[in-house]
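Q: Could you show me how to read helix faces, helix packing and loop contacts from a set of coordinates?

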Amino acid sequence: DSDLSGSEYWSLTRKKSNRVSNATKEDTQKVDQWVQMPSRFDSFDVRILNTTANYAVLSLYDITKELKVESAVKLSLVYEYLTKRYKTVPVTRKNFSDTLSGKRYEKYFEHTSEGLYYLTQEAESLAETWISQVDIQSL
């Protein structure tokens, strides 16, 4: 019957389109190089940021604006960078992923069609206030 409609479930893939891609060996080496680079946040006590969103802003700002090594970054690399550079950060990979990809903080995080993340202007301004240590705001 031509009046019947539906989706061809057998032709769909099982892979989620927004899945976080895993880091390759080259990605891990890249992160290790970034961690060795000097940053103005080196002397900053990251524990006062105290939210996953703040930690995400910090690490994305560090990679894209401070170190200027990438303009947008895979979520898995941002997390790896954060936990390697700032070892005292109490953030799980799932919380980190949920924060960056969730609707609640979309005014701080943008992503490309390839799933690479970068900060909005508002988030960049927030990180710049942390550098000056004038006012530590919490998201």
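The dialogue below takes these features in turn for this predicted model.

Q: Which residues of α1 are buried, and where do they fall around the axis of the helix?

A: A residue counts as buried under 20% relative accessible area. In α1 the buried residues are Asp27, Val31, Trp34 and Val35. Viewed down the axis, these buried residues fall within an arc of 100 degrees, so they line one face of α1. The face turned away from that buried side carries the exposed residues Lys25, Glu26, Gln33 and Gln36.

Q: Against which elements do the buried residues of α1 pack?

A: They pack against α2, β1 (73-74) and α3.

Q: How are α2 and α3 arranged relative to each other?

A: One reads the angle together with the axis separation. Helix α2 (residues 52-66) and α3 pack at about 95 degrees, with their axes 9 Å apart. Angles of 65 to 115 degrees count as roughly perpendicular, and α2 is therefore roughly perpendicular to α3. Tyr55, Ser59, Leu60, Asp62 and Ile63 of α2 meet Val78, Tyr81, Leu82 and Arg85 of α3. The residues of this contact comprise six nonpolar, one polar and two charged.

Q: Where does threonine 88 lie, and which residues does it touch beyond four places away in sequence?

A: Threonine 88 lies in the loop between α3 (75-85) and α4 (93-101). Threonine 88 touches Val46 and Arg47, leaving aside residues up to four places away in sequence. Threonine 88 is partly exposed, with a relative accessible area of 48%.

How values were computed: Residues are numbered from 1 along each chain as its sequence is written. This is a predicted model: local features need pLDDT of at least 70, side-chain atom pairs count only at pLDDT 80 or more; totals for chains, interfaces and linings use all residues. Side-chain values use heavy atoms; hydrogens and water are left out. Helices (H or I, at least four residues) and strands (E, at least two) are DSSP runs, numbered from the N terminus. Buried means under 20% relative accessible area, exposed over 50%, partly exposed in between (1.4 Å probe, protein chains only). Contact means heavy atoms within 4.5 Å. Axes are lines fitted to C-alpha atoms, for helices over the stretch in contact, and angles run from 0 to 180 degrees between N-to-C directions. Angles under 35 degrees count as roughly parallel, over 145 as roughly antiparallel, 65 to 115 as roughly perpendicular and the rest as oblique. Ala, Val, Leu, Ile, Met, Phe, Trp, Tyr, Cys and Pro count as nonpolar, Asp, Glu, Lys and Arg as charged, and the others, Gly among them, as polar. The arc is that of the directions from the helix axis to the C-beta atoms.
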